[in-house]
Amino acid sequence: MSDNMVKIIIDDVEYEVPAGMNVVDAAKWHASNDIPVFCYHPKMEPVGMCRMCLVEMGTLQRNPETGAVMTDEDGNPLVRWFPKLQTACTQVATDGMVFRTNTQAVVDARENVLEFLLTSHPLDCPICDKGGECPLQNLTMAHGPGESRMNFSDKMKLDKHVPLGDLIFLDEERCIQCGRCVRFQDELVGDDVLAFHERGRTLQIITNSDPGFDTYFSGNTTDICPVGALTTADFRFGARPWELTEVPSIDPHDAAGSNISLSVRLDRDFGGRAMIKRVMPRQNEYVNELWISDKARFGHHFTRSEDRLQKPVVDGKDSDWATAISTIAGLLEGADGDIAAIAGSGMSNEDLFALRSLVTANGGKRLGAWPTTHTGADLVAAVGVGVGTNLSDLGAGDAVLIVASDLEEEVPIWRLRLKGAHDRGAYVVVANARKTRMDDFASATPRYQAGKAAHWLDGIDKADPEVAKALKAAQNLVIVAGAEGLTLDGSRALMQSAANFLIDSGHYGKANNGLMSPLPGPNGMGLHYVGFTPEVTADIAQNPPKVLIVAQAEILSDDPYARAWLDKVETIISLNLFPDAVADMAAIALPIQSFAERDGTFTNGERRVQRFYTAQGPMGDALPAWQALSRISEHMGQGKAKASAAAVMVMMSNELPAFEGMRYRELSRTERQFPDISGDDMYYGGTAYQNKGGLGKVIPTTAEQGETPARADVSLPPVLEVGKGQFVVLPATRLYNLESTFRPSTLVHPRIMSPFVEVNAADAARLDINNGDVVEVKLPDVSVRVRASVNGGAPEGALVLPRHLTDDPTPMTVAVGEIAKV
């Protein structure tokens, strides 16, 4: 027996378990014994509130002189039993503990607890959204009384439809006061926006924020609620759980690559086709654990928006695929190799490979990535976090540096998990020109001048020597480098500075050490591995090609300066979900399928290649992008079109070294994960789904493959020149915005902020600008009218201007501008 293992006895059987393991967890993991719980959750601290987990507990009697276990005359060990039943969830495993979970005293206790819970619980299971996957329902059937002794006149009558916010409803009669929702928001999220109110039988859950339930993780409370007290506005009364088919998928919105499960059914509201009714978390302890953001949960409506592009468009008129493919083939043949492509991060790995193959087969060489805000993916590929990294393993003795990123808004799951690292004792540094939400969970919050993130990190030994010393001395170090307030050159300089720091301190080439970046969209790393870079996009803008293929990159919606160079492109071919401004300029616009309508893979920010599966019926004549591009190649005599996304991945695994061994069978492999959730015992972990679609596979860094990374000189960008009356304008990201893939989710529109600019209080006072005033922000060739937010968020001399909140685009990267009250 190893030093950190102990022996305990459960129902007369001895088990070896890790010392200090929660007894409920130990019984489930090692003994397949499901001790029933309501308030306990394996991701939260135990509180022993519901008393459902009562067991008989004792300790082995030992000879005080020899330490040997004492036995009776039959050789059975003697046990010193506690006089009363104990809550298993508040006990941790120590050597010699003994438990009984099936005695009559335990059976009676469970029955009594359930009888008390049911005294005022409504009997509305037939209309309850939780029916069919309800822990209270299941445990009542297994352990509850056969009949009720309740006097119906004593039943508490409370409100049934209480909106805690725009997204979550509370049924006060169903709540059993387990406290899971309150504790989740407090312990795990750090948004203490729920609380208990009143006492005794009148105790209820309330929200104490304005707006109500103000958090990006509210939907997770409906998953862990053991009854139907909390339900989502999106799924409420929409379908019954047993009608749904669960399809594994991946969050299409950010670099975390959160594993999700799409609950679908054939629906008359969607022409009898399979339709997403809800989005649920899918367990992947390496990626998102059991949680997803509200954007992942409620931002799926774009997949079936009636505004989607549903037919090929040729010369401004609806057409068919045969005509479109023939026309494109002629345009490519006539381009004399002057062909380029710009792809967005919504494209799957298979889409990108098919696009690359088409361009290079026709003489093109330039493959650009969109947007051109973040670069340095090549450095993530070299010294990124090692294979086996799990942010949940970071704790005391480890360190995290987050620089030039507002993780709450950019990759909320990373913010949630790194907040947990701080709680476990990790030294977390959040460096930015302004305050962000992550500051509240930081050990240190150094500030630098707007636009000078790379200058700060490159000179950290002088700028913040104590911080530098602590980071270098850490056992494990992860650096998350963003691009807020930077140009593309500034992003490159910051990423190189971060890589140099990791190389100098030896924090690379191993698990829980290395570089991460909140690259926009779900497949920023996939763009790199297939050969698309933002630097090439910048070259395309400087030297427009004869034919440009724009694939799921909404260039004109993102960049106010892009039209000037797009006008110089002779022919644009667009592939997109929606008929955007680029499609209006295009000679041909092709409708492509969303992630929900096809198979494919994304590569997340930790370089994990993960599968998503076909879930929803297609919109119109849309095709997967890889299939549309392969058909064009086939029409041009460049090989037969592949029959499936899996076949494209086979070709990729043979031609691209990074994807070697990444066949779908490998990506679909699963393993038992702790905590072991969502079996027949949803009371334990909630309704997050077991991972049956695959955990994915991580692409090793070049450092892990034996290539020693070398430091490189940092080319620091020039500091912006700010004249009198001018300000540094910092573009910022808001999680909820008006991008085309989120705009159709009207349910969340009340949470999308009206267009605003953050102004420092001193600057506002000098300009006589008050909070809420309409102001005009003027930049070169661009101006926008928004409301001023004087809230202390902006550094003096700078304006923070969130993107994608206005109908017209605002600058993508840091710039110099002016502000005036209207």
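The largest nonpolar core of this predicted model has 116 residues, and those touching the most other members are Leu332, Leu355, Leu515, Phe532 and Phe659. Helix H15 (residues 488-505) supplies the largest share of this core, with eight residues. A separate, second core is made of 93 residues, among them Cys39, Leu164, Val182 and Val385.

**Packing around leucine 515**
- Leaving aside residues up to four places away in sequence, leucine 515 is in contact with Leu379, Val380, Val383, Gly384, Val385, Ile479, Ala481, Met495, Ala498 and Leu502.

**Domains**
- The chain is divided into domain 1 (5-112), domain 2 (120-232), domain 3 (315-374 + 524-638), domain 4 (377-516) and domain 5 (727-821).
- Taken over C-alpha atoms, the centres of domain 1 and domain 4 are separated by 42 Å.

**Helix H21**
- Helix H21 (residues 625-635) is largely enclosed by the rest of the structure, because eight of its eleven residues are buried.
- These buried residues are Ala625, Trp626, Gln627, Ala628, Leu629, Ser630, Ile632 and Ser633.
- Their packing partners are helix H7 (321-333), helix H8 (349-361), strand E24 (571-576), strand E25 (588-591) and helix H22 (645-655).
- Glycine 637, which follows H21, has a positive phi near 75°.

**The second largest pocket**
- The volume of the second largest pocket is about 880 Å³.
- Its lining comprises 35 residues, of which Asp214, Tyr216, Glu409, Arg734 and Met753 are the closest to the centre.
- Two or more lining residues come from each of helix H10 (407-410), strand E30 (756-759), strand E32 (782-789) and strand E33 (798-802).
- Strand E32 gives the most to this lining, namely three residues.
- Sorted by class, the lining holds 14 charged, eleven nonpolar and ten polar residues.

**Backbone exceptions**
- Most peptide bonds are trans, and most residues other than glycine have a negative phi.
- Aspartate 210 and proline 211 are joined by a cis peptide bond with omega of about 5°; proline 211 belongs to the loop between strand E10 (204-207) and helix H5 (219-224).
- A cis bond also leads from tryptophan 370 to proline 371, with omega near 5°, and proline 371 is in the loop between strand E18 (366-370) and helix H9 (377-383).
- Glutamate 289, in the loop between strand E14 (273-281) and helix H6 (294-298), has a positive phi near 55° and is buried at a relative accessible area of 10%.
- Glutamine 552 has a positive phi of about 50°, lies in the loop between strand E23 (547-551) and helix H18 (555-558), and counts as buried at 17% relative accessibility.

Notes
Residues are numbered from 1 along each chain as its sequence is written. This is a predicted model: local features need pLDDT of at least 70, side-chain atom pairs count only at pLDDT 80 or more; totals for chains, interfaces and linings use all residues. Side-chain values use heavy atoms; hydrogens and water are left out. A nonpolar core is a set of buried Ala, Val, Leu, Ile, Met, Phe, Trp, Tyr and Cys residues joined through side-chain atoms within 4.5 Å. Buried means under 20% relative accessible area, exposed over 50%, partly exposed in between (1.4 Å probe, protein chains only). Helices (H or I, at least four residues) and strands (E, at least two) are DSSP runs, numbered from the N terminus. Contact means heavy atoms within 4.5 Å. Domain bounds come from an automatic or database domain assignment. On a 1 Å grid over the protein atoms alone, a cavity is a set of points where a 1.4 Å probe fits but cannot get out, and a pocket is an open set with protein on both sides within 12 Å along at least five of seven lines; lining residues have an atom within 4 Å of a point. Grid points are joined across faces, edges and corners, and a volume is the space filled by probe spheres set on the points. Ala, Val, Leu, Ile, Met, Phe, Trp, Tyr, Cys and Pro count as nonpolar, Asp, Glu, Lys and Arg as charged, and the others, Gly among them, as polar.
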